[in-house]
Amino acid sequence: MTTLAMNRVHSLDEVAALEIGPAALALGVFDGVHRGHQALLSATREAAAARRAHPVALVFDPSPIEVIRNDLTLERVAPLRENLAAIAEAGVQPIAIRFDEPLRDLPAEVFLDRLGPGIRPVAVVMTPASAFGKDRAGTPEHLATAGAERGWEVVRLDPEVDGGVISSTRIRRALADGDVLAATNLLGRYPALTGTVVRGDGRGRELGFPTANLAFAYRPALPALGIYAGLANGLPAVVSIGRRPTFHTDGQVIAEAHLLDWSGDLYDQPLRVELVSRLRDEERFASVPELVAQMDRDASAARAVLSGIA
């Protein structure tokens with residue numbers, strides 16, 4: 001089976017030229033590859049094994065909603081590269097496919113036909129609410145009828161995990177509320193932010209708490225403003241998501257991490273920050289010494305939360 005680069009988004013014609021052969025397919029954006037996605041991927045592996053086919057996930061990028069509403073840039077639970085890596089880790093071949101207006105206009109069965117000769121669908125794994133293709137007419141019922149003539153089956157999956165439907169939208173809402181525990185339960189792992197360390201104004205270093213400021217190549221689903229205990233590339237950290245109101249009256253939102261008991265140069269390096277627990281709201285302090293005293297308390301609180309984790 002063809003091995004694909006994890007950061008490449010393919011056109012439909014490029015996908016059709018891949019040498020994969022019979023495949024059980026799952027389709028979607030897979031933002032965050034949460035527990036609901038993991039159940040879908042598991043069902044795709046099983047469907048592929050039962051049919052001696054390859055398990056494949058077609059990952060649309062950008063999200064179809066961004067093409068339908070071209071004024072919208074969706075906040076992402078995770079960047080595309082991490083989503084593709086998580087799918088591969090689940091034992092399914094991820095293929096990122098460019099979603100655009102011509103693709104949006106294809107009927108679902110025509111889209112599946114166009115995957116050939118590189119991919120020959122033998123099963124399509126869907127939930128009862130799944131639909132894709134022109135006017136979202138590609139429902140499980142429609143595709144089951146079309147598949148009887150074209151040689152694929154529809155495998156239906158109950159979308160509920162532990163009694164509820166898990167979605168990337170629910171995770172974004174939990175993060176926006178600062179509910180890290182809920183987001184963690186929905187994802188099956190800690191929510192994370194992945195960026196590149198850039199130079200800030202150096203104020204944290206002046207205060208004795210140097211921070212790594214993150215720049216993002218995607219629009220991340222940021223958690224509520226506040227202070228968090230987290231892991232920065234696996235190391236214990238205090239994470240700040242905020243506007244630094246002690247120094248700015250209308251500052252931009254910045255994500256920064258202070259790595260506990262570590263020193264070094266991280267500039268221009270990738271940094272993945274996992275959020276483990278929310279410690280407090282962002283606050284404005286009357287003086288710098290008050291802020292520094294609170295930062296000391298935050299560091300102690302983070303150490304307590306992270307003991308035994310990092």
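In which sense do β8 and strand β9 (residues 212-215) pair, and over how many bridges? The two strands pair in the antiparallel sense, over three bridges.

The model is predicted, so local features need pLDDT of at least 70 and side-chain atom pairs count only at pLDDT 80 or more, while totals for chains, interfaces and linings use all residues. Residues are numbered from 1 along each chain as its sequence is written, and side-chain values use heavy atoms, with hydrogens and water left out.

**Figure 1. Strand β8 and its two partners.**
Strand β8 covers residues 192-198. Strands are DSSP runs of E with at least two residues, helices are runs of H or I with at least four, and both are numbered from the N terminus. Two strands are said to pair if DSSP finds at least two bridges between them. Towards β9, V198 stands opposite N213. With strand β13 (residues 270-280), β8 is joined by five bridges, and these strands run antiparallel. Here L193 stands opposite V273. Five of the seven residues of β8 are buried (buried means under 20% relative accessible area, exposed over 50%, and partly exposed in between, with a 1.4 Å probe and protein chains only).

**Figure 2. The open parallel sheet.**
Strands of a sheet pair through backbone hydrogen bonds, either parallel or antiparallel. Five strands make up this open sheet, in the order β3-β2-β1-β4-β5, and their pairing is parallel. At the edges lie β3 (93-98) and β5 (153-156), each of which pairs on one side only. From one strand to the next, the twist averages 35° (axes are lines fitted to C-alpha atoms, for helices over the stretch in contact, and angles run from 0 to 180 degrees between N-to-C directions). Within the sheet, strand β1 (residues 21-28) and strand β2 (residues 54-61) are paired over six bridges in the parallel sense. The bridge partner of L25 in β2 is V56.

The whole structure contains 17 salt bridges, each defined as a side-chain nitrogen of Lys or Arg within 4 Å of a carboxyl oxygen of Asp or Glu. One of them joins the side chains of E14 and R8, at 2.7 Å from N to O. E14 has a relative accessible area of 29% and is partly exposed; R8, at 41%, is also partly exposed. A second example links E101 and R104, at 3.4 Å from N to O. Both residues lie in helix α5, three residues apart, which is about one turn of the helix. Because R150 lies in helix α7 (residues 140-150) and D113 in helix α6 (residues 108-114), the pair ties together parts that are 37 residues apart in sequence. R150 is partly exposed at 36% relative accessible area, and D113 is partly exposed at 37%. Finally, D61, E66 and R76 are linked in a network of salt bridges.

**Figure 3. The largest pocket.**
The largest pocket has a volume of about 1400 Å³. On a 1 Å grid over the protein atoms alone, a pocket is an open set of points with protein on both sides within 12 Å along at least five of seven lines, a cavity is a set where a 1.4 Å probe fits but cannot get out, and lining residues have an atom within 4 Å of a point. Grid points are joined across faces, edges and corners, and a volume is the space filled by probe spheres set on the points. The pocket is lined by 44 residues, of which L27, G28, V29, A131 and R136 are the closest to its centre. Helix α2 gives the most to the lining, with four residues. By class, the lining has 24 nonpolar, 11 polar and nine charged residues (Ala, Val, Leu, Ile, Met, Phe, Trp, Tyr, Cys and Pro count as nonpolar, Asp, Glu, Lys and Arg as charged, and the others, Gly among them, as polar).

**Figure 4. The cavities.**
There are three cavities of 30 Å³ or more. The largest has a volume of about 60 Å³, and its lining includes V77, E82, Y190 and R272. That lining has eight nonpolar, one polar and three charged residues. The second largest cavity holds about 50 Å³ of space. Among the residues that line it are R76, L175, L193 and L275, and its lining divides into nine nonpolar, no polar and one charged.
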